[in-house]
Amino acid sequence: MTKKRWAGAALAALMAQGVFAGGINTNTNMSVAFDRTLSRDAVIATDGVYFNPAGIVFLAPGFHYSMGWQLITQRRYIDNSYALYANNTANPTTSREFKGKALAPFFPTFQMAYNRGKFSFQVNAGVSGGGGKCTFDDGLGSFEKIVSETAMAASGLATTIDNALGQQLLSAGVPALVQQLGTKGFSSDNYFGSKGSYSATSYMRGRQYYYGLSLGVAYKLTGDLGVFAGARGVYASSNYYGYVRNIKVGNVPLYTVLDASKTNSADIELNCDQSGFGVTPIIGVDYRLGRWNFAAKYEFKTRMRLKNSAVNQFPSIGNLGSNLSSALISNLQKAGLSAGMAQTVTNATLTSSQVSATTSMLKQKFDEGINTATGEYQDGKKIAGDLPAILSVGVAYTPIDQVRLNAGFHYYYDKQAKQYNDRQKNLKRGTIEYSCAVEYDPAKWLTVSAGYQRTSYGLTKDYMDDKSFVVSSDGVGCGFAIKTSARSRVNVGYFHSFYETMNTSKDVDLNGTKVPYTADFTRHNNVFGVGLDLDL
């Protein structure tokens, strides 16, 4: 009966965050060379247009291009445990595993620089944030949790009505009907039952892309010092689609007590597009010292406000009272009461203090909660979705001409990037990321490489949510580059992320009893890329 909770589950839609490398909402795998090294913050190469734009001034005069294609797959695993799950007639156990499939079959990257004199004019294009598309074919644990609680609430209301009916029949002088109606009452197994048993089908899909186009200029102050200033325009495009259908409590298809003329009257359906635009100012510096190179880049916070365009459907409890009244009158008449007496007893039952209090409480919670539950995805509304400021620092060292060593550090100011309902305040800190890599040239035409990256989010149990979650990880990458001519090189790279498991638990108050609800989160991730570098 608490339809506002169903709506809340469906509307808190899956955010397809972070199927790539980087922060919570930021992608850093912006070249195939990154896939094979995972550390590019101090490189002097064409993909430095993204990683180290100030260092590009030290490339030769002319045009420099770096293009790449990446195939990215990910699996998300959420293990839930909740006592009320055992009331699911299709799967009467307390544990669930929900699997999400994320795929980005075509993730393109592009960098271009034109060096002339002391200047370098640069362009970078790619998916700078978001995370492709993720699908949960069986919905989410939070969906089922809320349906299970709703079923228990419906059974509780049914029991309250049956108890009140018995008292009214005794007062009306027909005590024989009390026992006779026992198998026909709302809390009987023929109706809602008293155990909170339920069934439903659900589905969830989220798609989120932040497309970025950067323009900037680097300038060579001295023979070994370069600086950069530029900006990235970011266009966000997202869609969230999901549903909870075929909800049944006990032996009652829920639509029959909401609007029997519409078989979808109890269904929840979300279909929301979001879009927005923001600008990221960027500055950078690079300094060479013999065989060493030092670099730093700072990306300012990107203020994003996403506008919703939604066509959503939610159940209405407006007809609940009249439908229950009709069903109760029908049962009483079948038991032998006259139409007038059945109407009188029904009115007295449904307006009794016990039933009125229970029904009013449910309706009040529905009215109070519906705006909160649907707020993030209301049609026409604008919501906060900032990308955080990022500080990147890198160092590169070439001990011999055939070997290059790289190391980098990133800090994402996630707590200062405003999200819906200030969710960022639940983080302990911003994301910390560090990396290292080695490249070796066994021949003039061949480079082999490997790298490591650690990504540590400032997560708390309050931040974790099955509709939008990340977990810290260790990434390893490897690959090679083949020099196909004096002006071209092919990059091939692969990296895999080893994700940690985040365990969460919270107590749910069920009629005065504390019941634990647990959720364990983890992922698997693979990225394969092929790219081409050209110097013209």
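This is a predicted model: local features need pLDDT of at least 70, side-chain atom pairs count only at pLDDT 80 or more; totals for chains, interfaces and linings use all residues.
Local features need pLDDT of at least 70 and side-chain atom pairs count only at pLDDT 80 or more, whereas totals for chains, interfaces and linings use all residues. Residues are numbered from 1 along each chain as its sequence is written, and side-chain values use heavy atoms, with hydrogens and water left out.

Helices (DSSP runs of H or I, at least four residues) and strands (E, at least two) are numbered from the N terminus. The axes of helix α7 (residues 320-334) and helix α8 (residues 339-350) cross at roughly 135 degrees and come within 9 Å; axes are lines fitted to C-alpha atoms, for helices over the stretch in contact, and angles run from 0 to 180 degrees between N-to-C directions. α7 is therefore oblique to α8, a term for angles that are not under 35 degrees (roughly parallel), over 145 (roughly antiparallel) or 65 to 115 (roughly perpendicular). On the α7 side the contact (heavy atoms within 4.5 Å) is made by G321, L324, S325, L328, I329, L332 and Q333, and on the α8 side by A339, A342, Q343, V345, T346, T349 and L350. The contact of α7 with α8 has 8 nonpolar, 6 polar and no charged residues. Here Ala, Val, Leu, Ile, Met, Phe, Trp, Tyr, Cys and Pro count as nonpolar, Asp, Glu, Lys and Arg as charged, and the others, Gly among them, as polar.

Helix α4 (residues 141-171) also packs with α8, at an angle of about 130 degrees and with the axes 9 Å apart. This angle makes α4 oblique to α8. I161, A164, L165, Q168 and L169 of α4 meet V345, A348, T349 and L350 of α8. This contact has 7 nonpolar, 2 polar and no charged residues.

Grid points are joined across faces, edges and corners, and a volume is the space filled by probe spheres set on the points. The whole structure holds 7 cavities of 30 Å³ or more. The second largest cavity has a volume of about 100 Å³. It is lined by 15 residues, with V49, N124, S214, F228 and I282 closest to its centre.

The second largest pocket contains about 970 Å³ of space.

Key:
On a 1 Å grid over the protein atoms alone, a cavity is a set of points where a 1.4 Å probe fits but cannot get out, and a pocket is an open set with protein on both sides within 12 Å along at least five of seven lines; lining residues have an atom within 4 Å of a point.
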